[in-house]
Amino acid sequence: MPMDARDIETMIKAALPDAKVEIRDLAGDGDHYAATVISEAFRGKSRVQQHQIVYQSLKGQMGGVLHALALQTGVPES
């Protein structure tokens, strides 16, 4: 069963409450999404570390219910 974009956003915001999250369904199939996540929690972290934080927030759904998630991450502009 595909994962709903709102569920992805909810899981990310549960782990990163300050995050600005934008989810886009790339294929219309509920399996291929792109997400932009902006959070102060990413400050000072490498891009890989930022992505790991997001993947951890999804609690193992990547590769299972959620087939693909293209990520863009960053910190808020001052």
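Reader: So what share of the 78 residues of the protein chain counts as buried?

Author: It's 35% of them, where buried means under 20% relative accessible area with a 1.4 Å probe, protein chains only. Keep in mind this is a predicted model, where local features need pLDDT of at least 70, side-chain atom pairs count only at pLDDT 80 or more, and totals for chains, interfaces and linings use all residues. Residues are numbered from 1 along each chain as its sequence is written, and side-chain values use heavy atoms, leaving out hydrogens and water.

Reader: OK, and in what order do the elements run from the N terminus?

Author: They go α-β-β-α-β, with helices (H or I, at least four residues) and strands (E, at least two) taken as DSSP runs numbered from the N terminus.

Reader: Which residues have the most contacts inside the largest nonpolar core?

Author: Ile8, Ile12, Leu16, Ile23 and Val37, in a core of 17 residues. A nonpolar core here is a set of buried Ala, Val, Leu, Ile, Met, Phe, Trp, Tyr and Cys residues joined through side-chain atoms within 4.5 Å.

Reader: Which elements each supply at least two residues of this core?

Author: Helix H1 (5–15), strands E1 (20–25) and E2 (32–38), helix H2 (47–57) and strand E3 (68–74).

Reader: Switching to Ala35: buried or exposed?

Author: Ala35 counts as buried because its relative accessibility is 0%. Ala35 lies in strand E2.

Reader: What is Ala35 in contact with, leaving aside neighbours within four places?

Author: Glu22, Ile23, Arg24, Leu69, Ala70, Leu71 and Gln72, contact being heavy atoms within 4.5 Å.

Notes
Buried < 20%, exposed > 50% of the residue type's maximum accessible area, 1.4 Å probe, protein only.
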